[in-house]
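Hello,

Here is the structure we talked about. Please open it and follow along with the notes below it.

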Amino acid sequence: MYQSTIARGASAEGVGLHTGVFGHVRLLPAPADTGIVFRRTDLDNFPIEAQGHNVARVSYATSLMKQGVLLSTTEHLLAAIYSCGIDNIFIDIDSIEIPILDGSAEPFMQLLENPECANSAASADF
């Protein structure tokens, strides 16, 4: 099965829209069959998989929760990852909320489409 990840890490930082908490997000390549996994670096890299059973809320933001650990405002980053055809990626985040950046998926798209990060360079047949 053909799967893709990103070639290199990329990062962004900013303020969360709903919490006002400043956070850093880092996108990293992941091995085949990993899926999309958020890791809360402020909580010993606690993993939260971007899967339907981890959706906690969708009112004003898409929030994921696993074992009581919450991650909010994931929708723009997830939309960019999906749009770029990325199957496997680690997303390290050091706060409760993904930074809003300009309020759209565009800054995340730009990170993922950057030639140094672009998934086409890291695509592989697993």
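Arg39 lies over the face of Phe90, and the distance to the ring centre is 4.0 Å. This is a predicted model, so please read every position below with that in mind.

Next, the helices. Two packed helices are described by the angle between their axes and the distance between the axes. Here, helix α1 covers residues 75-83 and helix α2 covers residues 106-113. Their axes come within 8 Å and cross at roughly 40°. The crossing of α1 past α2 is right-handed.

Which residues of α1 and α2 meet? From α1 they are His76, Leu77, Ala80, Ile81 and Ser83, and from α2 they are Phe108, Met109 and Leu112. By class, this contact has six nonpolar residues, two polar and no charged ones.

Regards

Technical notes
Residues are numbered from 1 along each chain as its sequence is written. This is a predicted model: local features need pLDDT of at least 70, side-chain atom pairs count only at pLDDT 80 or more; totals for chains, interfaces and linings use all residues. Side-chain values use heavy atoms; hydrogens and water are left out. A charge sits over a ring if NZ of Lys or CZ of Arg is within 6 Å of the ring centre and within 35 degrees of the ring normal. Axes are lines fitted to C-alpha atoms, for helices over the stretch in contact, and angles run from 0 to 180 degrees between N-to-C directions. Helices (H or I, at least four residues) and strands (E, at least two) are DSSP runs, numbered from the N terminus. A crossing is left-handed if the near helix is turned anticlockwise from the far one by less than a right angle, and right-handed if clockwise. Contact means heavy atoms within 4.5 Å. Ala, Val, Leu, Ile, Met, Phe, Trp, Tyr, Cys and Pro count as nonpolar, Asp, Glu, Lys and Arg as charged, and the others, Gly among them, as polar.
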